[in-house]
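Subject: Handover of a structure

Hello,

Here is the structure I promised to pass on. My notes follow below it.

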Amino acid sequence: MSARAATVRVAGGQGFWGDWLEAPYRQVTGGPVDYLMMDYLAEVTMSILQKQKSRDATRGYATDFVDQMERILPTVVERGIKVTANAGGVNPRACAMAVAEVARRLGLARKLTLGVVSGDDLLGRLDGLIARGHDLKNLDTGRPLQDVRDRVLSANAYLGAAPVVEALQRGAQVVITGRVTDTGLTLGPLMHAFGWAPDAWDRIAAGTVAGHIIECGAQASGGNCLSDWKTIPNLAAVGYPIVEARADGTFDIVKHPGTGGRIDVAGVTEQLVYEMGDPRSYITPDGVADFTTIQLAQVGKDRVRVSGVQGKPATDKLKVSIAYFYGYKAVGTLVYAWPDALEKAQAADAILRQRLDALGLEFDAILTEFVGANATHGPLALQDIDAATIPEVQLRVGVRSRDKNAVDRFTREIAPLILNGPPSVTGFAGGRPKPEEIVAYWPALIDKKMVEPLVELIEA
Amino acid sequence: MKRKLVALAHARSGDKGDTANVGLIAKKAKDYPLLVKQVTAARVARHFKGMIRGPVERFELPNLHALNFLLHGALDGGGTISLKTDAQGKVFSTALLRMEIEVKR
């Protein structure tokens with residue numbers, strides 16, 4: 001960008017891997033945008049991608065992203081829209097090669113420069129790091145990583161906006177990253193477009209808050225919004241949120257005209273508190289945002305202004321997301337009908353547990369829920385109603401174990417209950433539940449100086 | 001008289017590992033002090049008795065007329081380990097809205 005624009009529009013296109021396939025296309029065609037930001041990596045997602053890469057070394061990235069790019073690349077190239085996405089997962093280079101291949105197929109060779117951000121992968125360095133005293137303690141339990149070292153499948157540091165900025169400055173139009181923070185994918189474009197310094201802490205915090213608001217897609221524009229949910233118009237054609245930012249760090253949350261959904265203070269507030277910890281210190285690799293300084297104002301229809309955001313200097317640590325093999329789990333379900341639906345399901349659960357016990361199977365956990373009665377609100381749900389009137393209840397029993405045989409045997413103990421347990425039971429059409437491998441998550445911190453982000457450019 | 005929080009507030013919740021967060025937001029700014037006074041961390045811990053294994057922390061966001069609660073040990077281990085339907089703590093939000101508080105007539 002030669003002359004700096006007064007406002008820069010960053011559109012949220014995907015809130016997680018599996019989000020609405022129409023959204024990115026609608027964001028780049030529904031009105032003017034400068035950047036399209038797509039977040040693919042939930043904590044759980046890294047584990048899934050790692051599983052895929054362990055089966056096939058050319059995979060390990062969000063394949064949906066490549067299909068999305070095939071659909072939007074002609075528009076993106078024609079309009080000069082830049083894209084930032086952490087779709088690279090645990091294999092960003094393979095993801096970029098796949099997008100380059102698509103670009104060539106679309107006749108866009110030599111019209112597209114891809115940026116690849118890596119350096120987040122610590123798997124090959126773990127033993128060296130541990131030997132040098134980086135014990136990667138679990139942030140929740142305090143245990144050292146050594147406890148599960150032999151079962152670790154992946155380890156990725158969360159990178160911030162800096163390598164995204166570098167890729168954009170070196171001319172990348174589509175920046176594909178590994179484990180870059182969700183917020184860094186929005187902050188990076190704003191730092192690049194406005195020339196914000198990495199230590200302009202209030203600006204960094206503002207861009208981080210902007211990223212937090214749009215990183216979950218339509219959750220900022222009417223989706224999953226409890227406030228007056230019945231009056232939110234046309235969610236079928238919901239417009240995903242767009243940050244319209246100014247160089248001073250203030251920004252508006254908007255959406256394309258003619259789209260469904262709603263952008264109001266109540267909905268943006270809901271998204272601000274989503275997955276929040278201590279609001280005074282929302283820590284990212286780029287800085288620390290203070291959410292108690294955020295001011296919101298409805299300045300137009302579907303337009304919320306965000307101002308006043310203050311920040312503090314970044315810490316000297318990076319968060320590390322580690323995936324390790326835990327064991328196995330399975331969930332079995334049956335449905336019981338009125339009368340006494342809940343009592344029947346409870347009786348079936350007791351029988352099932354007695355049988356598992358008699359078989360001497362070892363489980364780390366057995367969890368029973370009665371869907372329709374207590375699965376979401378626990379005992380609170382049954383305080384206000386007469387349980388005998390519940391029309392139907394799904395018995396849902398899950399088990400978890402290091403022992404695959406125990407989980408496998410559990411999956412064979414559900415169906416017999418249809419004929420040899422309490423009456424009025426149905427809903428076993430799906431067949432025997434399948435044991436699933438559990439790849440668990442181990443959050444830790446590492447000294448920032450131990451991680452060197454790497455930026456590479458690829459011409460399509 | 002007693003009123004359920006659902007009449008006075010809305011909420012959204014999410015997860016970080018085995019911790020669920022609930023952001024509780026006053027529908028009207030004038031009701032925010034009521035939430036601050038009555039929806040204490042101790043009260044919320046009692047409300048969720050039997051559903052969470054760890055402590056409850058509370059943070060205030062007067063600028064957003066919101067309180068943020070961290071419910072530790074709420075998700076059966078969380079993430080991929082959890083056997084819960086609500087493994088990611090998405091509906092602890094409305095479970096909190098069942099709580100009753102005292103309001104002036």
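The buried residues of H4(A) pack against H3, strand E4 (113–118), strand E6 (174–177) and strand E19 (454–459) of chain A. Those buried residues are Pro92(A), Cys95(A), Ala96(A), Ala98(A), Val99(A), Ala100(A) and Ala103(A). Buried means that 20 or more other C-beta atoms lie within 10 Å of the residue's own; exposed means 12 or fewer, partly exposed is in between, and C-beta atoms are placed from the backbone. Packing and touching here mean contact: two C-beta atoms, placed from the backbone, within 7 Å. Helices (H or I, at least four residues) and strands (E, at least two) are DSSP runs, numbered from the N terminus.

Before going on, two notes on the source. This is a predicted model: local features need pLDDT of at least 70, side-chain atom pairs count only at pLDDT 80 or more, and totals for chains, interfaces and linings use all residues. Residues are numbered from 1 along each chain as its sequence is written, while chains are lettered from A and ligands numbered from 1 in the order in which they are written.

H4(A) has 14 residues. From first C-alpha to last it reaches 20 Å, close to the 20 Å expected at 1.5 Å a residue. The expected span is 1.5 Å times one less than the number of residues. Gly107(A) follows H4(A), and its phi is positive, near 75°.

**Helix H3**

H3(A) covers residues 63–79. Its 17 residues should span 24 Å, and its end C-alpha atoms are 24 Å apart, which agrees. There is still a kink of about 55° at Ile72(A), shortly before the proline Pro74(A). The bend at a residue is the angle between axes fitted to the seven residues ending there and the seven starting there.

Ile72(A) is also buried. Just after H3(A), Gly80(A) takes a positive phi of about 70°.

H9(A) is largely enclosed by the rest of the structure, because 7 of its 9 residues are buried. Among them are Gly267(A), Glu270(A) and Leu272(A).

Most residues other than glycine have a negative phi, and most peptide bonds are trans. Three places depart from that:

- Glu275(A) is not a glycine, yet its phi is positive, about 55°. It sits in the loop between helix H9 (265–273) and strand E9 (282–283) of chain A. Glu275(A) is buried, with 21 other C-beta atoms within 10 Å.
- Ser424(A) has a positive phi near 60°. Its loop lies between helix H12 (416–420) and strand E17 (425–426) of chain A. Ser424(A) counts as partly exposed, with 14 C-beta neighbours inside 10 Å.
- The peptide bond from Trp338(A) to Pro339(A) is cis, with omega near 0°. Pro339(A) is in the loop between strand E14 (317–337) and helix H10 (341–358) of chain A.

**Domains and cores**

Chain A is assigned domain 1 (7–120 + 158–315) and domain 2 (326–441). These bounds come from an automatic or database domain assignment. The C-alpha centres of the two domains lie 39 Å apart.

A nonpolar core is a set of buried Ala, Val, Leu, Ile, Met, Phe, Trp, Tyr and Cys residues joined through C-beta atoms within 7 Å. The largest has 146 residues. Those with the most contacts inside it are Val99(A), Leu114(A), Ile176(A), Leu190(A), Leu24(B) and Leu71(B). E14(A) gives this core its largest share, 9 residues. The core draws at least three residues from each of domain 1 and domain 2 of chain A. A second, separate core has 15 residues, including Leu342(A) and Ile390(A).

**Where chain B meets chain A**

In total, 32 residues of chain B are in contact with 43 residues of chain A. On the chain B side, E2(B) gives the most, with 6 residues. By class, that side has 12 nonpolar, 12 polar and 8 charged residues. Ala, Val, Leu, Ile, Met, Phe, Trp, Tyr, Cys and Pro count as nonpolar, Asp, Glu, Lys and Arg as charged, and the others, Gly among them, as polar.

Best wishes
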